[in-house]
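This report looks at a surface patch and at aromatic contacts. The structure is shown below.

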Amino acid sequence: MQLEKREIVKCILLTLVTCGIYGIIWGINIAKDANKVKDPNGDALLEILLVLFLPFVGFYLCEKKVSEGCQALGIPHEDNSILYLILGLFGLGIVDYCLMQNELNKLADATVSYGGQNYQAQEVPFENVDNNQQ
């Protein structure tokens, strides 16, 4: 699971400057990353379509995928899917974007992918690296 960290303020500004076009791209990327948490090989087509056409349902489903994926990986995560649904229904979709991206950023910091397996992120001291291997 390789998740891309995105700066939330930068994404909001780009969405405003591009009159929402970047928001569409951002939503697609959020849906793909949320799907990667549960199924790294999945295509996320349903999540992408829902985020584009019914965002409140799309973010609800994305949060469910993140929660199930975290549970399967043993990462503590609180399911906020109802919050995303309510915020979207009240027209606060940008808050959904920000909250979901924040959760994905936390997951990107918490895990590092090596050869298909997930490990807790940790720094490797330089003296343990063997530079003689080619």
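Ile86 counts as partly exposed because its relative accessibility is 41%, where buried means under 20% relative accessible area, exposed over 50% and partly exposed in between (1.4 Å probe, protein chains only). The model is predicted, so that local features need pLDDT of at least 70 and side-chain atom pairs count only at pLDDT 80 or more, whereas totals for chains, interfaces and linings use all residues. Residues are numbered from 1 along each chain as its sequence is written, and side-chain values use heavy atoms, with hydrogens and water left out.

Ile86 is found in helix α5, helices being DSSP runs (H or I, at least four residues) numbered from the N terminus. Ile86 also belongs to a nonpolar patch on the surface, together with Ile82, Leu83, Leu89, Phe90, Leu92, Ile94, Val95 and Leu99, and the accessible area of the patch is about 810 Å². Such patches take residues with over 30% relative accessible area and no salt bridge, nonpolar side chains being joined within 5 Å. At least two residues of the patch come from each of the helices in the table, and α5 gives the most, with four residues.

| Helix | Residues |
|---|---|
| α5 | 81–89 |
| α6 | 93–110 |

Turning to the aromatic rings, the count comes to two pairs, a pair requiring ring centres within 6.5 Å, with planes under 30 degrees apart stacked, over 60 edge-to-face and the rest tilted. The rings of Trp26 and Tyr97 have centres 5.1 Å apart and planes at 50°, so this pair is tilted. Because Trp26 lies in helix α2 (residues 21–38) and Tyr97 in helix α6, the pair ties together parts 71 residues apart in sequence.

Methods. Patches are made of residues with over 30% relative accessible area and no salt bridge: like charges are joined within 9 Å, nonpolar side chains (Val, Leu, Ile, Met, Phe, Trp, Tyr) within 5 Å. Accessible areas come from the Shrake-Rupley method with a 1.4 Å probe; for residues, only the protein chains shown count as cover. A salt bridge is a side-chain nitrogen of Lys or Arg within 4 Å of a carboxyl oxygen of Asp or Glu. Rings of Phe, Tyr and Trp (its six-membered ring) pair if their centres lie within 6.5 Å; planes under 30 degrees apart count as stacked, over 60 as edge-to-face and the rest as tilted.
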